[in-house]
Amino acid sequence: MKVPAFTLDKAVTKLRPAIEERWRSVLSNQSFVGGAEVERFETEFSSFLGSAGCVGVANGTDALTIALRCLQLQPNDEVLVPSFTFIASAGAVVLAGGRPRFVDVSSGSLNLDLEGADALLTAKTVGVIGVHLYGQPFDVDGVLDFCDRHGLWLIEDAAQAHGAQWRGKRVGNFGRLATWSFYPSKNLGCFGDGGAITGNDPALLQRARSLANHGRIDHYHHREVGTNSRLDGLQAAVLSCRLQFLEADNERRRRIASHYRTSLTGIPEMTLLDASPESSSVYHQFTLRTSRRDGLREALEKSGIGSGVYYPMPLHLQPAFVEFAAGSQPLPESELASRDVLSLPMYPELEDSEVDYVCAAVGEYFAG
């Protein structure tokens, strides 16, 4: 049996007729940048989240960079960012002119852990970027309390958490702004690249829309220098089609995760990440931890099973961030996680028999 870490084969087959119909409409109307499809998706996605509005942009990194500019990030302002995440979370701070300050993560969830983060605060600290890693919301209450106590804003990096909830409320509604990636492998992904900014402050959303379109306030009138970052009509059509299945797809991911947990809990030398009772994860990834990670990955590959390492190096050790990490405190949990995390196959079309096959291979490796 072959079980890839991720595949869109079945999703493309299911969606092809609807997408081709919508694409024919885009081709006929020639609304390739902006237009009715983009407006339709923005309305549908903000309604799905329960937020005031949505601004489609070109990708998730642009979404973060524009959101930071909307919040008036100034040169050398400092932003607290988890070290164990994708590079864009901190890279956007640098692109917007700020300085990331790296924070460690919780050993149980691998999400942002602000215990002890008071020591990182300076007069230049202005905000926090919290990442809902692997589709599991971070401790929203704890992070908001930290931000309130220190007068900081919060941006939710929800690139992996489309539809996830904290205490019954969808993520993307807790920070000043939330940012999204629609990379094809995301829970809600297009068939190219795309991103969005959402929130509940109309003024911030209007500025985001302007900044994403060269700072434009009307056709040839520009209040400030923005960038060119717009969601195109073809990708918006894909996202509208896929959004119709997101709730069912996320529920299927939860059932797969439950299947994994039932079969894999209690295996010596391996632990599973915590599932918080306050939240509902959408399991963008199903990740385990083991000091025998590399051996397990090799054994799975020999059995035809794909896997992924997200992420093999924490950000504070990345060459790109040397000047920002110099003199920072040790981040032991981020460093350990980079050595022991492994993500098993996870996508809604995964069959129960395939999950059984993966679990049996994991069990056989540790029994050997």
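Trainee: Are Phe41 and Phe182 buried or exposed?

Mentor: Buried means under 20% relative accessible area, exposed over 50%, and partly exposed in between, with a 1.4 Å probe and protein chains only. Both Phe41 and Phe182 are buried. Please note that this is a predicted model, in which local features need pLDDT of at least 70 and side-chain atom pairs pLDDT 80 or more, while totals for chains, interfaces and linings use all residues. Residues are numbered from 1 along each chain as its sequence is written, and side-chain values use heavy atoms, leaving out hydrogens and water.

Trainee: How many aromatic pairs does the structure hold?

Mentor: Rings of Phe, Tyr and Trp (its six-membered ring) pair if their centres lie within 6.5 Å; planes under 30 degrees apart are stacked, over 60 edge-to-face, and the rest tilted. The structure holds 14 such pairs. In one of them, the ring centres of Phe41 and Phe182 are 5.4 Å apart and the planes stand at 85°, so the pair is edge-to-face. Phe41 belongs to helix α2 (residues 36-49) and Phe182 to the loop between β8 (177-181) and β9 (195-199), so the pair ties together parts that are 141 residues apart in sequence. Helices (H or I, at least four residues) and strands (E, at least two) are DSSP runs, numbered from the N terminus. Phe41 and Phe182 also belong to one aromatic cluster with Phe45, Phe48 and Trp180.

Trainee: What kind of aromatic pair do Tyr310 and Tyr311 form?

Mentor: Tyr310 and Tyr311 form an edge-to-face pair, with 6.0 Å from centre to centre and 75° between the planes. A cis peptide bond joins these two residues, with omega about 25°. Tyr311 lies in the loop between α9 (293-302) and α10 (322-325). Tyr310 counts as partly exposed because its relative accessibility is 30%, whereas Tyr311, at 13%, counts as buried.

Trainee: Over which ring does the charged end of Lys14 sit?

Mentor: A charge sits over a ring if NZ of Lys or CZ of Arg is within 6 Å of the ring centre and within 35 degrees of the ring normal. The charged end of Lys14 sits over the ring of Phe245, 4.3 Å from its centre. Likewise, the charged end of Lys169 sits over the ring of Phe174, 5.2 Å from the centre.

Trainee: Which residues have the most contacts inside the largest nonpolar core?

Mentor: A nonpolar core is a set of buried Ala, Val, Leu, Ile, Met, Phe, Trp, Tyr and Cys residues joined through side-chain atoms within 4.5 Å. The largest core here has 69 residues, and those with the most contacts inside it are Leu68, Tyr260 and Val362. Helix α12 (residues 352-367) gives the most to this core, with seven residues. Apart from it lies another core, of 26 residues, including Ala161, Val171, Val238 and Leu239.

Trainee: Which residues does Leu68 touch?

Mentor: Contact means heavy atoms within 4.5 Å. Not counting residues up to four places away in sequence, Leu68 touches Leu73, Val79, Ala92, Val93, Ala96, Ile129, Trp153 and Ile155.

Trainee: Why is helix α4 largely enclosed by the rest of the structure?

Mentor: Six of the eight residues of α4 (residues 88-95) are buried, so the helix is largely enclosed. The buried residues are Ala88, Ser89, Ala90, Gly91, Ala92 and Val93. They pack against α3 (60-70), β2 (78-82), β3 (99-103), β4 (125-131) and β5 (153-157). Just after α4, Gly97 takes a positive phi of about 100°. In helix α7 (residues 233-243), ten of the eleven residues are buried, so this helix too is largely enclosed. The buried residues of α7 pack against α1 (9-29), α2 and α8 (246-264).

Trainee: Where does Asn76 lie?

Mentor: Asn76 lies in the loop between α3 and β2. Its phi is positive, about 75°, although Asn76 is not a glycine. At 39% relative accessibility, Asn76 counts as partly exposed. Glu269, in the loop between α8 and β12 (271-272), has a positive phi of about 70° although it is not a glycine. With a relative accessible area of 47%, Glu269 is partly exposed.

Trainee: How many helices and strands does the chain have?

Mentor: The secondary structure comes to twelve helices and 15 strands. Of the 368 residues of the chain, 56% count as buried. Among contacts between residues at least 6 apart in sequence, 71% join residues at least 24 apart.
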